[in-house]
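Trainee: Hi! Could we go through this protein together, starting with the spaces inside it?

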Amino acid sequence: MSSNHELFQHASERLPGGVNSPVRAFKSVGGEPFFTARAEGAYLWDVEGKRYLDYVGSWGPMIAGHNHPMVRAAVERAIGNGLSFGTPCAAEVTMAEAITRLMPSIEMLRMVNSGTEATMAAVRLARGATHRDIVVKFEGGYHGVGDSFLVKAGSGALTFGVPSSPGVPKALADLTLTLPYNDADAARVLFAERGDRIACVIVEPIAGNMNCIPPHAGFLEALRELCSAHGAILIFDEVMTGFRVAPGGAQQLYGITPDLTTLGKIIGGGMPVGAYGGRRDLMQQIAPAGPIYQAGTLSGNPVAMAAGLAMLELVSAPGFHAPLEQRTAMLCAGLEQAASAAGVAFTTNHVPGMFGLFFSVGPVRSYAQATACDVAAFRCFFHAMLERGVYLAPSAFEAGFISAAHGENEIETTLQAARESFRIVAKAAA
Ligand SMILES: *Cc1c(COP(=O)(O)O)cnc(C)c1O
């Protein structure tokens with residue numbers, strides 16, 4: 001099996017949709033995915049030997065570039081001592097101290113194996129600590145695949161949620177309420193009605209799963225005030241933004257202190273790792289220190305800790321984030337210019353290391369605006385870029401990522417491909 005097509009045919013026989021995670025399947029852009037054989041720096045190579053300039057970065061972890069020599073060396077060293085112990089190991093302590101140093105709102109934490117596990121455990125903790133059941137989240141927010149998160153808004157902001165996937169019990173969905181992102185007034189109304197029943201508000205402090213939408217000034221502040229006033233727990237889901245947008249995550253960038261934070265992606269350096277943590281008085285309620293149960297056979301795995309620690313060392317080095325920010329800005333400005341020259345309605349959002357592309361006149365500040373973009377134009381652009389060796393996220397609703405290995409040459413190559421691709425989009429629309 002040496003071609004992408006042949007592999008995808010075989011994969012589709014044995015894996016639902018041919019993949020182990022849905023967005024990889026190219027369903028929303030059409031066509032078939034390529035199968036990666038190797039990755040290095042800013043590039044992927046598929047099994048046919050074609051090279052792609054990669055703006056997905058394994059969906060976030062590869063902020064230092066693929067296969068970074070320091071991360072690889074750390075993993076190789078750790079492997080020499082064994083793959084898993086099932087007892088405490090020193091690397092877990094080093095990891096806990098590294099995370100709490102970078103994110104001071106995290107006084108204690110628990111390592112887990114994915115972002116999904118982190119958010120599920122954080123919600124259980126919030127419910128257990130407050131003795132309340134209602135979870136508030138935001139439209140277009142993504143917090144992994146726990147049942148309580150696969151819920152969409154009912155007919156109004158104050159109605160109970162409805163399952164967004166078969167298999168999620170209605171009785172559980174009733175306990176999740178969904179508000180519009182960047183709408184502090186909607187949150188105020190909800191808290192005025194039900195504040196005494198809300199266990200927690202979980203929010204991506206920069207929305208990165210409905211493309212990239214930064215918070216309005218005052219939005220996160222309002223959530224902080226409402227949670228404090230009503231005794232609810234504020235959870236920042238920084239699985240994507242943690243250590244990406246600043247060494248201390250979005251909470252450092254915006255100066256807001258959540259009660260709990262969920263982490264993933266970058267803290268594993270490419271290995272399956274997540275974590276949740278925050279206020280000591282809350283974390284002390286987790287078993288075996290307290291009664292709220294959560295456990296994991298491979299949690300704190302020594303090889304995963306080694307990869308994550310090497311990655312955290314890279315991202316916490318002084319001056320790591322400034323060039324990321326510069327190149328993200330350079331890329332977005334160049335793309336807007338190229339679109340405008342081709343007469344294509346297009347706008348971008350960006351924060352350091354993370355960007356969103358929208359086929360719309362913009363600005364895009366809400367879920368409703370993000371979903372109103374021209375998806376057909378995105379598809380056309382995606383495939384034109386892919387043909388030119390530039391791999392964007394295969395969905396109009398995913399953020400793009402830049403790594404430290406994306407230099408000015410890579411940005412210029414991308415913009416050259418984009419100038420041609422926008423002309424193709426314009427022609428297709430005409
Ligand atoms: C990716 C992501 C998750 C889920 O993490 P997994 O490791 O895929 O389970 C949760 N929250 C946010 C904000 C994410 O971006």
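Trainee: By class, what does the lining of the largest cavity have?

Mentor: Good place to start, and keep in mind that this is a predicted model. The lining includes Phe355, Leu357, Phe378 and Leu392, along with Glu398. Sorted by class, it comes to seven nonpolar, four polar and one charged residues.

Trainee: Which strand gives the largest share of the lining of the largest cavity?

Mentor: Look at Phe355, Gly356 and Leu357, which are among the lining residues. They fall within residues 354–358, and the element that supplies the largest share, three residues, is strand E14.

Trainee: How much space lies in the second largest cavity?

Mentor: The search of the whole structure finds three cavities of 30 Å³ or more. For the second largest cavity, with Asp54 and His406 among the residues nearest its centre, the value is about 60 Å³.

Trainee: Now the domains! How much area do domain 1 and domain 2 bury between them?

Mentor: Domain 1 covers 4–67 + 319–429, while domain 2 is 69–315. Where they meet, 31 residues of domain 1 are in contact with 31 residues of domain 2. Carbon and sulfur atoms account for 64% of the buried area, which is about 2,500 Å².

Trainee: Which three residues supply more of the area that domain 1 buries than any other three?

Mentor: Domain 1's side of this interface is what we need here. Together the three supply 23% of the area it buries against domain 2, and they are His321, Met354 and Tyr367.

Conventions:
Residues numbered from 1 in each chain as written. Predicted model: local features only at pLDDT ≥ 70, side-chain atom pairs only at ≥ 80, totals over all residues. Heavy atoms only, no water. 1 Å grid on protein atoms, 1.4 Å probe; cavity = no way out; pocket = protein on both sides within 12 Å on 5 of 7 lines; lining within 4 Å. Points joined across faces, edges and corners; volume = space filled by probe spheres on them. Helix = DSSP H or I, 4+ residues; strand = E, 2+ residues; numbered from the N terminus. Nonpolar A, V, L, I, M, F, W, Y, C, P; charged D, E, K, R; others polar. Domains from an automatic or database assignment. Contact = heavy atoms within 4.5 Å. Buried area = accessible area lost by both parts, 1.4 Å probe.
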